[in-house]
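Here are my notes from a pass through the model. Have it open beside you as you read.

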Amino acid sequence: MRTPRKTLLLTASCALVATAIAGSGLSSASAAGTSAADRGRPSRPADSAQVWVTTPDGTDAMSDLGTVAFTGAAADPATAPPTVVVDPSRTFQTMTGFGAAITDSSASVLSSLAPKARDAAMASLFDPRTGDGLDYLRQPIGASDFVTSAAYTYDDLPAGQSDYALTHFSVAHDQKQILPLLRQAERLNPKLQIIATPWSPPAWMKTGGSLAGGRLVDDPRVYRAYAAYLVKFIQAYRANGVRVDQITVQNEPQNRTPSGYPGTDMPSWQEAKVIDQLGPMLHAAGLKTKILGYDHNWTEHPNDAAATPPDETADIGDYAQQLLQSSAAKYVSGTAFHCYYGDPSAMTALHDQFPSKDIYFTECSGSQSADPASTFSDTLKWHARNLTVGATRNWAKTVVNWNIALDPAGGPHVGGCTGCTGVLTVAADGTVTRNAEYYTLGHLARFVQPGAVRIASTSFGTTGWNGQVMDVAFRNPDGSTVLVAHNENDNPQTFAVQEGGEHFDYTLPGGALATFVWHGSPSGSALHQVDPGGWTAAADPATTTDTPAGAVDDDASTRYSSGTARPVPADRPRQGPAPPAGRVRHRRLDGRLPPRLHRDHQHRRHPLDHRRRRRHRQRPVHHRRPARPERPLRPDHPHRRERQLVECRRRPRLPVRPLAGTTRTGRRGGARPRQPRSLASPRRDGEVFADY
């Protein structure tokens with residue numbers, strides 16, 4: 001039988017009068033903690049959390065600030081600080097990794113370092129024991145806007161020539177600097193995964209014959225050749241010791257006018273045609289590389305929308321959906337997003353439409369501020385709000401920045417971005433500076449292990465900035481819990497973190513980003529269920545921008561003025577109408593059944609089950625005992641507390657035909673018809689569950 005969901009009512013100060021939070025009992029967890037232990041840090045007991053903090057002024061930069069102890073149950077919600085409730089029983093996406101891109105430009109500046117300095121820089125990025133432990137890279141297939149010289153592909157030919165057989169294909173360009181760095185990164189972090197993306201097919205496949213702009217020639221030979229080109233790239237990289245785990249067929253396909261760098265206008269119908277060829281080719285080649293679609297902004301940029309041809313307007317704001325409704329959908333594992341327009345909620349909207357398809361966040365570059373002295377602070381806050389927390393709270397399995405290293409001028413590059421920053425800045429004299437992106441990635445990558453699952457947590461902040469604390473929580477495969485929190489306000493703010501019956505308070509400096517890690521589950525009673533009927537929430541002051549329609553899971557900043565209960569999104573358990581009257585099976589909150597009902601539980605056999613099964617085999621007719629009305633619990637019964645009907649499943653009733661002369665004595669006296677029962681008895685019509 002499925003364990004029912006449970007809910008919790010949380011009242012928080014400042015943002016809400018009341019906030020509804022779904023929750024349930026805690027999951028058990030191991031005490032081993034490789035995230036901390038692998039870095040030489042001591043594993044902490046389950047009664048405390050270790051804290052790492054980065055502040056906008058750089059005073060603390062991934063600083064280990066010791067531990068904070070869990071204490072007893074939270075204080076009166078009316079006087080307590082905003083409380084982040086962590087609920088490991090409710091899970092979302094499984095995380096894949098965090099990282100950036102070793103572009104041609106990045107490879108150039110890293111290769112310019114002396115070998116010892118280069119090794120130190122690479123270790124600071126990829127080593128999970130002494131560095132950030134980055135474990136996901138996005139690699140351009142051919143040239144992007146960040147190259148040291150002219151743009152290139154792996155099958156360039158003079159104008160007017162073609163090579164459908166790809167006899168001139170070669171990755172020799174990447175063998176000089178890019179591939180050696182990728183192999184070194186994988187040696188430092190064997191869990192490294194790579195997604196590859198082309199900025200342009202070879203020019204001979206395109207209208208206009210140029211890498212910058214144009215689109216694929218609408219010819220079956222071109223679609224087959226381009227799909228084969230991508231397969232040969234994966235095979236060539238594998239032959240050079242680098243595995244490609246995911247691939248997209250075009251970077252930013254709706255950017256029809258790239259500024260002097262490779263780019264391709266690829267409408268959704270053309271992307272579908274390429275994937276229809278690529279999917280079977282990957283399978284035939286024995287490659288397990290997954291295909292992702294779209295690979296563009298959260299929302300289409302107005303300039304891109306304005307340049308859309310009149311017969312392709314269906315793609316405006318709906319590109320990913322068009323692709324996932326096409327014939328190619330069966331080959332598409334998920335959808336990739338960038339940060340340059342829109343907001344992260346677009347990923348949740350797509351997930352709600354196509355819940356079986358994964359969401360990846362694959363590109364966002366930092367940029368120089370108008371005042372260079374503010375660049376670190378501005379980047380830390382924006383990336384923490386929109387990527388570190390915003391993307392992961394909206395179903396993204398990855399968080400990927402753009403260049404992993406650039407020079408102080410934001411280059412070298414040909415066209416494109418003129419103010420981009422890298423995760424590292426490498427100066428001509430060999431000085432390596434860690435930028436804000438190093439820390440926004442590190443607050444995730446150092447602690448959230450591959451295979452970790454995002455779990456439910458209350459968040460008060462928003463990606464649009466409301467000055468509150470926002471957060472995201474994960475449960476690692478080793479059982480440790482990771483909570484990443486960001487204070488959107490410039491002033492310090494105190495908030496509480498609660499799991500089960502234990503909590504701790506913490507004051508986070510203004511604009512700071514923090515990671516809390518604890519191992520196992522704090523002691524204390526599990527969350528219990530209360531009736532959410534009639535709950536309402538309001539804001540003071542009310543706003544026109546925060547509405548019930550904008551609610552996301554556990555978003556405590558959502559404000560309501562409708563006077564009705566908060567609508568529950570698709571990834572949250574829904575409370576339906578009051579269940580019909582009928583026989584009730586009681587289940588305690590710890591998941592066990594009362595002794596008198598052990599006979600109904602598939603793991604607890606009644607002493608007479610073997611006799612019942614033997615008698616059942618001798619009788620041709622299934623006999624069912626008639627349902628008896630529920631006996632209400634005594635007012636003083638210890639399990640009467642917080643009893644709540646939570647689920648009702650209807651199934652056809654079987655005919656009731658008691659066997660004459662086969663009776664037994666009930667626990668409270670009296671004779672009742674005897675009947676055969678299976679070990680897992682199905683629910684009957686009108687039968688409901690109650691927790692106590």
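1. Where is Trp465 found? Trp465 sits in the loop between strand E19 (453-457) and strand E20 (469-475); helices (H or I, at least four residues) and strands (E, at least two) are DSSP runs, numbered from the N terminus. Phi of Trp465 is near 75 degrees, a positive value in a residue other than glycine. Trp465 is partly exposed, with a relative accessible area of 45% (buried means under 20% relative accessible area, exposed over 50%, partly exposed in between, with a 1.4 Å probe and protein chains only).

2. Some housekeeping. This is a predicted model, where local features need pLDDT of at least 70, side-chain atom pairs count only at pLDDT 80 or more, and totals for chains, interfaces and linings use all residues. Residues are numbered from 1 along each chain as its sequence is written, and side-chain values use heavy atoms, with hydrogens and water left out.

3. On confidence: pLDDT is the predictor's confidence in each residue, from 0 to 100. The protein's mean pLDDT is 79, and 68% of its residues reach 70 or more. Over residues 545-551 the pLDDT is below 50, and beyond near neighbours in sequence this stretch has 14 contacts in the model (contact means heavy atoms within 4.5 Å). Residues 557-625 also stay under 50, and there the model has 173 contacts beyond four places in sequence. Where pLDDT is low, the predicted coordinates should not be read in detail.

4. Glu252 also has a positive phi for a residue other than glycine, near 45 degrees. Glu252 belongs to the loop between strand E9 (246-248) and helix H7 (268-284), and is buried, with a relative accessible area of 11%. For the peptide bonds, look at Gly411 and Pro412: the bond joining them is cis, with omega about 0 degrees. Pro412 lies in the loop between strand E15 (405-406) and strand E16 (420-421). As background, most residues other than glycine have a negative phi, and most peptide bonds are trans.

5. Glu252 turns up again among the contacts of His296, along with Pro253, Gln254, Asn255, Asp304, Ala336, Phe337 and His338, leaving out residues up to four places away in sequence. His296 is in strand E10 (residues 290-297) and is buried, at a relative accessible area of 3%. Its side chain reaches the backbone nitrogen of Gln254 at 3.3 Å.

6. Is helix H12 enclosed or open? Ten of its ten residues are buried, so H12 is largely enclosed by the rest of the structure. His443 lies in this helix and has a relative accessible area of 0%. What does His443 touch? Beyond four places in sequence, His443 touches Trp52, Val53, Thr54, Met62, Val484, Leu513, Ala514 and Thr515. The C-alpha atoms of His443 and Thr515 are separated by 6.0 Å, though the two are 72 residues apart along the chain.

7. Finally, the helix pair. The axes of H11 (residues 375-389) and H12 (residues 436-445) come within 8 Å and cross at roughly 30 degrees; axes are lines fitted to C-alpha atoms, for helices over the stretch in contact, and angles run from 0 to 180 degrees between N-to-C directions. On the H11 side, Phe376, Thr379, Leu380, His383, Ala384 and Thr388 meet Ala436, Glu437, Tyr439, Thr440 and Leu444 of H12.

Conventions:
A polar contact is a pair of N or O atoms within 3.5 Å; within protein, one must be able to donate a hydrogen and the other to accept it, and residues adjacent in sequence count only if both atoms are side-chain atoms.
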